[in-house]
Amino acid sequence: MRSWRWPLLLGCLLAWAPSALSAAAPCESSTSGPAPTALIFSGGGAKGAYEAGVASVFLSRGVPVRLVAGTSAGALNAAMVAAGQAELLEAMWRSITSEQVYFLRPSIFFAGLLPGWLTLWSVNQAGSLFDAGPLRALIETRVDLERVRRSQIRLLIVTADLSRRVKRTFDNQSVTVDALMASAAVPGAFPPVALDGALLFDGGLTGRAPVLDALEAGVPVSRAVVVMSYGEEERGEPPTTIRRAVEEAFEMAMTHQILRDVELARFKHPQVEIHLLAPTSPLRLRPLEFDPAAMARALEQGKEDGRACLSRLGH
């Protein structure tokens, strides 16, 4: 094929991806039974509970997971799966609250009491809306990094260096609490994490579900399951405020990025079966709303969808 045709073909694939993926039934396979598998998590704050449900079912059914990858809340899920902490992961998502993840910075609160432009100046100087100190404490007490380092499951965590405009990845040996914090540092919402002279942010900026990075990690797998916590029928809030507009724009960009990356991964790695698993019904759970009851429902839905996926795969 002439060289000029490859960009044209790739462009057609990327343009076609969203509609094609939404129409395709999840977890359909030409082969059945166990296969060396990569699990790819896309996070989404509180929506990570859905991913934990999927992971719980895959591990309890004995799926031979060889690699786990993720960004944001998906990075935390991936680390705990690699550490063999599936039961603790499920218990965490059933009980976690907003106070265990973040709190509003006092400077942001008091900025609302200032007159006019001083409010905007104060908010800008704060660096971020929320303090993620509670999340650091949660990671330190829940994730067993020593077990991660000894694990036979390869771990891949993705962060973003905004200054250099490049991604930075971490594996079983290099992952730290700082790396996990950085992967969840959504710009503006949470502060960046200083690591080795760089300020690192949420890896979802470069790839919400890092399926391309995972399949280029050198781990032999024949199947990859990308877990996306947004269902086809899920709708966002009306973008009638600045906050809602920013949130919905960010989430729309990220979900379409996942769809394109999955299709690109299929194009680049035809030897790997790549499946996109998404909620069969809306989770009705916003990323920063850590409501235990809602997350428990999301976790159970993840389990249900995970079981259905494995049944179609003949596992």
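Is the crossing of helix 3 and helix 4 left-handed or right-handed? The crossing is right-handed, and point 3 below returns to this pair.

1. Basis of the note. This is a predicted model, in which local features need pLDDT of at least 70 and side-chain atom pairs count only at pLDDT 80 or more, whereas totals for chains, interfaces and linings use all residues. Residues are numbered from 1 along each chain as its sequence is written, and side-chain values use heavy atoms, with hydrogens and water left out.

2. Overall make-up. The protein chain has 13 helices and 10 strands, where helices (H or I, at least four residues) and strands (E, at least two) are DSSP runs numbered from the N terminus. Of the 315 residues in the protein chain, 52% are buried; buried means under 20% relative accessible area, exposed means over 50%, and partly exposed lies in between, with a 1.4 Å probe and protein chains only. Among the contacts (heavy atoms within 4.5 Å) with a separation of 6 or more, 78% come from residues 24 or more positions apart.

3. Helix 3 and its partner. Helix 3 packs against helix 4 (residues 86-95) at an angle of about 145 degrees, with the axes 8 Å apart. Here the axes are lines fitted to C-alpha atoms, for helices over the stretch in contact, and angles run from 0 to 180 degrees between N-to-C directions. As for the handedness, a crossing is left-handed if the near helix is turned anticlockwise from the far one by less than a right angle, and right-handed if clockwise. The crossing of helix 3 and helix 4 is right-handed, and the contact is made by Ala73, Leu76, Asn77, Met80 and Val81 of helix 3 together with Ala86, Leu88, Leu89, Met92 and Trp93 of helix 4. Just after helix 3, glycine 84 takes a positive phi of about 70 degrees.

4. Nonpolar cores. A nonpolar core is a set of buried Ala, Val, Leu, Ile, Met, Phe, Trp, Tyr and Cys residues joined through side-chain atoms within 4.5 Å. The largest nonpolar core has 69 residues, and those with the most contacts inside it are Val68, Trp93, Leu155 and Val175. Helix 3 (residues 73-82) gives the most to this core, with eight residues. Apart from it lies another core, of 25 residues, among them Ile40, Val211, Ala265 and Ala278. Not counting residues up to four places away in sequence, tryptophan 93 touches Gly45, Ala46, Gly48, Ala49, Ala52, Ala73, Asn77, Phe290, Met295 and Leu299.

5. The disulfide. The structure holds one disulfide, a term that stands for a pair of cysteine sulfur atoms within 2.5 Å. Cysteine 27 is joined to cysteine 309, with an S to S distance of 1.9 Å. The pair links distant parts of the chain, with cysteine 27 in the loop between helix 1 (5-23) and strand 1 (37-41) and cysteine 309 in helix 13, 282 residues apart. The link of cysteine 27 and cysteine 309 is left-handed, with -90 degrees about the S-S bond, and both cysteine 27 and cysteine 309 are buried.

6. The end of helix 13. Arginine 312 has its place in helix 13 (residues 292-312), and at 40% relative accessibility arginine 312 counts as partly exposed. The C-alpha atoms of arginine 312 and glycine 33 are separated by 9.5 Å, although these residues are 279 apart along the chain.

7. Most residues other than glycine have a negative phi. Arginine 165, in the loop between strand 5 and strand 6, has a positive phi of about 60 degrees although it is not a glycine, and arginine 165 is exposed, with a relative accessible area of 77%. Aspartate 196, in the loop between strand 7 (193-195) and strand 8 (198-202), has a positive phi of about 55 degrees and counts as exposed at 65% relative accessibility. Histidine 269, in the loop between helix 12 (242-268) and strand 10 (273-277), is buried, with a relative accessible area of 11%.
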